[in-house]
Amino acid sequence: MSRPSILPAHTDPGSQPLLTTPLPAQLRLWLQGASCCVEVGQRVLKHQLLAEADSEFGVAVHAPTSGHIRAIGPLPQALPDAPLLDGLQLQPDGLDEALSLPAESNWPALSALALAMRLQDMGVMGQHGPLLPLAWPAPNTTKPWPATTRP
């Protein structure tokens, strides 16, 4: 005996056209584990660095589109009773002007730590931060943080 499915019937992806959704009027980018390096009123381009990681658990934040920074500081979240979080508010300009991204050609030659830090600078992270899986130096030895000691 088969059970009725509660999932909608599968449709062929080719039968539905892909839609481009418009950008929202405001984008909120959270700064947990990152220090802001832009100012209110500043115009930014897509891919531009907005905040640098400030610990081994943070990641860099880059602009998802071009626009103007309208606010930096505690901002409300989507849930009604959620606490304010540090973030920045980006107002898209609709132009989507981007910085050119350099090709990374020497990544196979990077050490595990240098590669992890490069990924952190790009804003890539896993569930527990970009650097957690690495074997950290023993206590009282040179640590890969702060940023002045980074490769």
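Author: Helices (H or I, at least four residues) and strands (E, at least two) are DSSP runs, numbered from the N terminus. This is a predicted model, in which local features need pLDDT of at least 70 and side-chain atom pairs count only at pLDDT 80 or more, while totals for chains, interfaces and linings use all residues. Residues are numbered from 1 along each chain as its sequence is written, and side-chain values use heavy atoms, with hydrogens and water left out.

Reader: With strands named in that way, where is S66 found, and is S66 buried or exposed?

Author: Buried means under 20% relative accessible area, exposed over 50%, and partly exposed in between, with a 1.4 Å probe and protein chains only. S66 is found in the loop between β5 (61-62) and β6 (67-75), and with a relative accessible area of 0% this residue is buried.

Reader: With which side chain does the side chain of S66 make a polar contact?

Author: A polar contact is a pair of N or O atoms within 3.5 Å; within protein, one must be able to donate a hydrogen and the other to accept it, and residues adjacent in sequence count only if both atoms are side-chain atoms. Here the partner is the side chain of D93, at 2.7 Å, and a polar atom of the S66 side chain also lies 3.0 Å from the backbone nitrogen of D96.

Reader: What is the order of the strands in the open sheet?

Author: Two strands pair if DSSP finds at least two bridges between them. The open sheet has four strands in the order β1-β7-β6-β3, with antiparallel pairing. Because β1 and β3 (43-44) each have a single partner strand, they stand at the edges, and one side of each is left without a neighbour in the sheet. Between β1 and β7 there are four bridges, and W30 stands opposite G87 in β7.

Reader: How many residues does the largest nonpolar core have?

Author: In soluble globular proteins, nonpolar side chains tend to be buried together. A nonpolar core is a set of buried Ala, Val, Leu, Ile, Met, Phe, Trp, Tyr and Cys residues joined through side-chain atoms within 4.5 Å. The largest one in this model has 13 residues, and V38 and L88 are among those with the most contacts inside it. The elements giving two or more residues to this core are β1 (27-30), β4 (49-53) and β7 (85-92).

Reader: How many disulfides are found in the whole structure?

Author: A disulfide is a pair of cysteine sulfur atoms within 2.5 Å, and a search of the whole structure finds zero. For C36, the nearest cysteine sulfur is that of C37, 6.2 Å away.
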